Amino acid sequence: MLTSNSKEKERSLSLLCCWYLGRRRSAMLLLLSLAFAVFILGSYTINKESNSPDIHQSIETMSLGSNQIPLSRELSSFFSEESSHDDHIRGSDVDIIHPPPSNHPCDSFSFPPPPPPGFRRPGPRPCPVCYLSPKEALAHMPKHPFESPVLKNLTYVHEDTPVKREEGKGGSEFGGYPSLQDRTNSFDIKESMTLHCGFVKGIKPGHQTGFDIDDDILSELDQFHDVIVASAIFGKYDIIQEPVNISEMARNNIPFYMFVDEETHSYLKNTSSYSDDNNKRVGLWRIIVVHNVPYTDARRNGKIPKLLLHRLFPNVRYSIWLDAKLQLVVDPYQILERFLWRTNSSIAMSRHYRRFDVFVEAEANKAARKYDNASIDYQVEFYKKEGLTPYTDAKLPITSDVPEGCTIIREHIPITNLFTCVWFNEVDRFTSRDQLSFAIARDKIREKVDWSINMFLDCERRNFVEQVYHRDVLMNMKPPSRVLPEPLPLPRGKLVGGRANTGKKIPGQRGRRRHRKVSAGGRNMR
C-alpha cells in the first residue's frame, strides 16, 4: 500500500512534468509514444509471419474476405518454398517446357510484404505485376507457334440444313445440333479432327450463317495480324470503354475490334464519340455490326466472338478477349509477354477470385438468379454423371475449376481452337454460364493430351483491366450528391463588410435600437 508521502511525491512529479512540457507538448509526446508502439508491434508481426514455415497460409497481402477463396490456395504458389523451384510457373497451373532465360528482368520481382493485421483492406483488388516495356515485350514474341500436342489439323462441320437428331434440351441451328456421340468424339483427340464449332450453315463464318457480317468487313477479318484485341456488346448491355496506356507501336499494329448487334449500333450512332463513315469507330475500337444474330439471349450471342474468334479471324496468331465491362489499362504486348510468352503458355485466363468449385459456382448462380435453377441443376447433374467432382487439393497443380472468364489471352493453334470449340458447344447445349462448363471441357482434353491452361491470379487480371458497371446499372445510378464544406471561421482581424472582425463589440452600438418602418395604414396610425 502506498504511503501519503509517496503519493505526494508522485503528484508533485506529475505537476512538475506538466509544468515543464505544457499541455501541447504532453499530447505530442503521448502520440509519438503510441506511434512507436504500433510500429514495433507491426514489425514483430511481419517478422513472425516471414519466419513461419507455412508462410503461404498466413500471407494476406491480397486479402479477399472471410467468405472468399482461401488465401493459402490463391497465393500458395507465390509464397510457398516450392515456388522457388523450376517445376512450375508461380501462380499458374502451367508446367515449364522450355524455361525462360535466366536473366529475365522480372526474375527478382516479388510481392511486397503484407501489412500488419488490422490494416488489411478487404475485397478483390489489383496486385503488383512485373511487365516489360512494350518494345521489350514485343522482342520476346516467339518466332514459331506453340507446338499443339497430338492435334495438328482441325476442320469444322458444315451443313446447309442442320437437323436436331435428338430430343431433349440444348443445341441450336447455329451450332448444328451436335449429338451426344458427336460430343464424345470431340474429346477423342487425334492428329486430324472434324467437329461442330458454330457457323454450321453457309460457306464461310459470317456469311449467311447467322451472326452475319457485311462482306467488305469479312475481307478485312481475313487479313493477317500478329495480335488483335476483341470485345462485344449485344442488347446495349454495356458502354464502350476506351483503352488507355496503349503504346504508339500497339496503336499502329494491333487492331481493336468491337462486335455489336443492330440494336447497339443504333444506340452508338446517337453518341458523340461515334464516327459513322466507311471506317466505323469509337476511339480505338473498330465497330463490326452483326446482323441476324442466332440467339434471343444477348449474353449467349456474346459467347460467339468470345469463344470462336479463331473462326472469325482465321489468320491471326494471338488474341486478347475482354468483356465489354472492362477497360484495358496495360499495353497488349506487355500482357502477352507476361501471361503467354514468359510462361510458355498457349492460353491464359484468371481464376475466379472467390470460388474455385463448379458446384459452389452453380449454387451462387442460382442464388443470384443468373439463369433458371432447373437448367443449372440439369447441367450440373449431367456433369456429375460424367465424373465431375468437387474441387479438392487432389487436383493440384490445377488450382481452380472456375475461371473469372472475362478475359482470355490465347494463341490460335489447333489445341486451343479445339478447347474453345468444345467449350462453346457446352454453352450452346446447356446454360450460357460458361464458368459452369469450363472445367469439364478442359479436363476431358487433359485426359487425352499433355496440355494445360495458365490460370493466373485474379488480382493480376485486375492489374491490366478496370471493371465498370453494366450500362443499365450506370443509367439507374443516382448522381452523387454534392456536399458543400462548412465555411471556415474567419480569423480575427479580417475585414467583413468593410469592418474589422476583432471579436469585440463596436463602441457606440450598445443600447442602439433598430426601429421598425411603419407603412401607411398601419395599426399605429390614427
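Figure 1. The protein chain holds 17 helices and 16 strands, shown here in a predicted model. Of its 526 residues, 47% count as buried. The chain exposes about 29500 Å², and carbon and sulfur atoms supply 53% of that area. Among contacts with a separation of 6 or more, 78% are between residues 24 or more positions apart.

**Figure 2. Helix 9 against helix 14.** Here you can follow helix 9 (residues 298-307) alongside helix 14 (residues 414-429). Their axes lie 10 Å apart, and the packing angle is about 175°. Angles over 145 degrees count as roughly antiparallel, so helix 9 and helix 14 are roughly antiparallel to each other. From helix 9, the residues to look for are Arg 300, Lys 303, Ile 304 and Leu 307. They meet Thr 420, Trp 423, Phe 424, Val 427 and Asp 428 of helix 14. Sorted by class, this contact has five nonpolar, one polar and three charged residues.

**Figure 3. Helix 14 against helix 15.** In this view the axes of helix 14 and helix 15 come within 9 Å and cross at roughly 135°. That angle makes helix 14 oblique to helix 15. The crossing of helix 14 past helix 15 is right-handed. On the helix 14 side, the contact is made by Ile 415, Leu 418, Phe 419, Val 422, Trp 423, Glu 426 and Val 427. Facing them in helix 15 are Asp 434, Ser 437, Phe 438, Ile 440, Ala 441, Arg 442 and Ile 445. By class, the residues of this contact are 10 nonpolar, one polar and three charged.

**Figure 4. Helix 12 against helix 15.** Now turn to helix 12 (residues 358-367), which packs against helix 15 (residues 434-446) at an angle of about 165°. The two axes are 9 Å apart. Helix 12 and helix 15 are therefore roughly antiparallel to each other. Helix 12 passes helix 15 in a left-handed crossing. Helix 12 brings Val 358, Glu 361, Ala 362 and Asn 365 to the contact, where they meet Gln 435, Leu 436 and Ala 439 of helix 15. This contact has four nonpolar, two polar and one charged residues.

Figure 5. Zooming in on helix 12, we find Glu 361. Is this residue buried or exposed? Glu 361 has a relative accessible area of 1%, so it counts as buried. Leaving aside residues up to four places away in sequence, Glu 361 touches His 352, Arg 355, Val 402, Gln 435 and Leu 436. Two of these, Gln 435 and Leu 436, belong to helix 15.

Figure 6. Ser 186 sits in helix 5 (residues 180-186). Its relative accessibility is 6%, so Ser 186 counts as buried. Which residues does Ser 186 touch, not counting those up to four places away in sequence? They are Met 193, Leu 195, Leu 418 and Val 422. Leu 418 and Val 422 are in helix 14, where they also take part in the contact with helix 15. Ser 186 and Leu 418 are 232 residues apart in sequence, yet their C-alpha atoms are 8.3 Å apart in space.

Conventions. Residues numbered from 1 in each chain as written. Predicted model: local features only at pLDDT ≥ 70, side-chain atom pairs only at ≥ 80, totals over all residues. Heavy atoms only, no water. Axes fitted to C-alpha atoms, helices over the stretch in contact; angles between N-to-C directions. Helix = DSSP H or I, 4+ residues; strand = E, 2+ residues; numbered from the N terminus. Parallel < 35°, antiparallel > 145°, perpendicular 65-115°, else oblique. Left-handed = near helix turned anticlockwise from the far one by under 90°. Contact = heavy atoms within 4.5 Å. Nonpolar A, V, L, I, M, F, W, Y, C, P; charged D, E, K, R; others polar. Buried < 20%, exposed > 50% of the residue type's maximum accessible area, 1.4 Å probe, protein only. Areas by Shrake-Rupley, 256 points an atom, 1.4 Å probe, with all protein chains shown as cover.
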